[in-house]
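Me: I would like a close look at one part of the model below, and then at what surrounds that part. Please keep the answer plain and give the cut-offs.

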Amino acid sequence: MEEQSRPDKDLSEEIAPSFIRPPGLEFAMGVALFAVVLMVFFLVQSGIFIHGVVQHSPDLVKDGFSLSLLSDPLMEERMNDLVFNGDLVGQEAFWSGLVCTLLILITVHFWKREQMSLFLGLRLPSLKQVGIWLGVFLLLGLVIEGIARFNPAFQTDFMKQVIGSTTNMTMLYLGVGVLAPVFEEFLLRGLLFGSIRHLMDEHATVAITAGVFTLMHMQYDWTVMLLVLPMGVVLGYSRSRSGSIWVPIMLHMLNNVVTVVAP
């Protein structure tokens with residue numbers, strides 16, 4: 001089990017396919033797949049959101065739905081009103097997370113074959129690594145909570161709006177607390193992490209994935225995003241040093257569940 005605690009310093013060589021492709025090509029293929037998954041993610045979320053807005057606006061679609069309705073000022077106003085609706089946020093997170101996680105697993109299976117487990121970090125971590133990174137993450141959470149409490153600029157009421165407008169807490173827990181962390185970790189600390197490691201070292205890979213992780217949370221103000229960045233760094237190193245994607249998934253799920261319970 002001690003082997004699992006080592007950084008993946010030779011990952012670019014270990015995940016080389018049985019028929020040799022240049023590392024640059026492997027990197028390019030991974031980034032291209034990352035872009036495709038991200039596009040599917042936004043399409044699924046947009047489709048579910050628009051469908052939800054239509055269901056909440058029977059007066060606007062009494063004559064049937066058409067694409068021209070999206071440019072209607074009243075429809076745009078209704079979309080702005082519902083952007084933080086808890087029921088829609090839960091459904092978007094659940095279905096986009098489920099669809100895109102399956103997409104990653106299926107496509108990486110056909111791409112990496114027998115190297116899939118190493119590429120995505122599917123091996124189980126040691127209890128020691130779980131304990132170490134849980135302690136680090138909890139300490140970081142206390143620091144972030146302290147900063148937010150004493151400086152209003154780092155506070156956000158995003159989750160309060162979401163929770164206050166939901167009628168289905170179960171879907172919110174499943175979507176935001178479970179499926180969203182699973183998808184984001186497989187996308188960032190799985191697919192993107194493994195792709196970048198074909199060309200770059202551990203620290204550069206962690207930095208890039210943490211930066212992308214931060215940009216994916218643009219629903220927050222830039223001040224709050226500054227607190228998201230160190231979380232991305234810790235999640236990245238927990239993936240690298242443990243050799244397992246299940247560690248950042250566990251930490252990410254813990255964070256999101258706590259956010260829903262105590263926003």
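Are arginine 189 and glutamate 185 buried or exposed?

Reply: Both arginine 189 and glutamate 185 are buried (under 20% relative accessible area; exposed is over 50% and partly exposed lies in between, with a 1.4 Å probe and protein chains only). The model is predicted, so local features need pLDDT of at least 70 and side-chain atom pairs pLDDT 80 or more, while totals for chains, interfaces and linings use all residues. Residues are numbered from 1 along each chain as its sequence is written, and side-chain values use heavy atoms, with hydrogens and water left out.

The side chains of arginine 189 and glutamate 185 form a salt bridge, 2.7 Å from N to O (the criterion is a side-chain nitrogen of Lys or Arg within 4 Å of a carboxyl oxygen of Asp or Glu). The two residues are 4 apart in helix 8, which means a separation of about one helical turn. Helices here are DSSP runs of H or I with at least four residues, numbered from the N terminus.

Glutamate 26 is buried at 1% relative accessibility, and lysine 112 is buried with a relative accessible area of 1%.

A further salt bridge joins glutamate 145 and arginine 149, with the closest N and O atoms 3.0 Å apart. Both of these residues sit in helix 6, 4 residues apart, or about one turn of the helix. Glutamate 145 is partly exposed at 39% relative accessibility, and arginine 149 is exposed at 62%. The structure holds 5 salt bridges.

Now the nonpolar surroundings. A nonpolar core is a set of buried Ala, Val, Leu, Ile, Met, Phe, Trp, Tyr and Cys residues joined through side-chain atoms within 4.5 Å. The largest such core has 45 residues, and those touching the most other members are Val37, Ile104, Val108, Phe183, Phe186, Leu187 and Leu191. At least two residues of this core come from each of helix 2 (23-55), helix 4, helix 5 (116-120), helix 6 (127-150), helix 7 (158-164), helix 8 (169-196), helix 10 (222-242) and helix 11 (246-261). The most, 11 residues, come from helix 8.

Leucine 191 shows how parts of the chain meet. Leaving out residues up to four places away in sequence, leucine 191 touches Gly30, Leu33, Phe34, Val37, Ile104, Val108, Trp111, Phe119, Leu120 and Phe186 (contact means heavy atoms within 4.5 Å). There is also a second, separate core of 8 residues, among them Phe49, Val53, Leu69 and Met79.

Helix 11 packs against several neighbours. Its buried residues are Val247, Pro248, Ile249, Leu251, His252, Asn256 and Val260, and the buried residues of helix 11 pack against helix 6, helix 7, helix 8, helix 9 (202-215) and helix 10. The 16 residues of helix 11 should span 22 Å at 1.5 Å a residue, and its end C-alpha atoms are 22 Å apart, which agrees (the expected span is 1.5 Å times one less than the number of residues). Helix 10, with 21 residues, reaches 30 Å from its first C-alpha to its last, close to the 30 Å expected. Just after helix 10, glycine 243 takes a positive phi of about 75°.

Two loop residues complete the picture. Serine 126 is in the loop between helix 5 and helix 6 and is buried, with a relative accessible area of 9%. The C-alpha of serine 126 is 9.1 Å from that of serine 244, although the two are 118 residues apart along the chain. Arginine 113 is in the loop between helix 4 and helix 5. Its phi is near 55°, a positive value in a residue other than glycine. Arginine 113 is partly exposed, at 46% relative accessibility, whereas arginine 189 is buried.
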